[in-house]
Amino acid sequence: PKPMRRLLLEELRKRYFVPQITYVYSLRDEYGILYWDVDTTRGRREFVVRDVRDHIREFPGGKMQITDVDGNEFEIADFDRLPGKGIADLYRLL
């Protein structure tokens with residue numbers, strides 16, 4: 001039923017919180033560790049990613065899932081349409 005579905009979707013959103021990256025301010029690589037400064041659907045965030053090949057997953061259609069060193073997850077809906085000066089660096093690093 002619709003009321004139950006709405007309740008279930010709300011609970012899933014709370015438990016599986018995955019902000020969308022909407023803008024890349026900067027992205028730098030230091031000895032294989034990526035330092036991100038981005039804008040997300042939940043505000044500006046800075047985070048760190050180690051082992052890029054293990055913690056950045058690419059999907060068809062330009063979608064990406066990123067897991068930082070603390071286990072937080074971020075998503076890029078369409079990598080090719082993401083604005084920001086750091087995105088060119090990400091192309092180079094991947």
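Two strands are said to pair if DSSP finds at least two bridges between them. Helices (H or I, at least four residues) and strands (E, at least two) are DSSP runs, numbered from the N terminus. The structure is a predicted model, in which local features need pLDDT of at least 70 and side-chain atom pairs count only at pLDDT 80 or more, while totals for chains, interfaces and linings use all residues. Residues are numbered from 1 along each chain as its sequence is written, and side-chain values use heavy atoms, with hydrogens and water left out.

The protein contains 3 helices and 6 strands. From the N terminus on, these elements follow the order α-β-β-β-α-β-β-β-α. The C-alpha trace spans about 50 × 25 × 25 Å along its principal axes. Of the 94 residues, 30% count as buried; buried means under 20% relative accessible area, exposed over 50%, and partly exposed in between (1.4 Å probe, protein chains only). Contact is defined as heavy atoms within 4.5 Å. Among contacts between residues at least 6 apart in sequence, 32% join residues at least 24 apart.

An open sheet of 3 strands is arranged in the order β4-β5-β6, with antiparallel pairing. Strands β4 (56-58) and β6 stand at the edges with a single partner strand each, so one side of each has no neighbour in the sheet. The twist from one strand to the next averages 15°, where axes are lines fitted to C-alpha atoms, for helices over the stretch in contact, and angles run from 0 to 180 degrees between N-to-C directions. Antiparallel pairing of β4 and β5 covers 3 bridges, and the bridge partner of Arg57 in β5 is Gln65. Strands β5 and β6, also antiparallel, are joined by 4 bridges. Here Ile66 stands opposite Phe74 in β6. The hairpin of β5 and β6 has 5 residues between the strands, and Gly71 in this hairpin takes a positive phi near 90°.

Gln65, in strand β5, is buried, with a relative accessible area of 19%. The side chain of Gln65 makes a polar contact with that of Glu73 at 2.5 Å. A polar contact is a pair of N or O atoms within 3.5 Å; within protein, one must be able to donate a hydrogen and the other to accept it, and residues adjacent in sequence count only if both atoms are side-chain atoms. Not counting residues up to four places away in sequence, Gln65 touches His55, Ile56, Arg57, Phe59, Glu73 and Phe74.

Asp68 lies in the loop between β5 (64-67) and β6 (73-76). Its side chain reaches the backbone nitrogen of Asp70 at 2.9 Å and the backbone nitrogen of Asn72 at 2.8 Å. Asp68 is buried yet has no salt bridge, and the nearest side chain of opposite charge, Arg45, is 4.7 Å away. A salt bridge is a side-chain nitrogen of Lys or Arg within 4 Å of a carboxyl oxygen of Asp or Glu. Lys and Arg count as positive and Asp and Glu as negative, whereas His and the chain ends are not counted. With neighbours within four places in sequence left aside, Asp68 is in contact with Phe47, Val48, Val49 and Phe74.

Tyr31, in the loop between β1 (21-30) and β2 (33-40), has a positive phi near 55° without being a glycine. Tyr31 is exposed, with a relative accessible area of 85%. Asp51, not a glycine, has a positive phi of about 50°.
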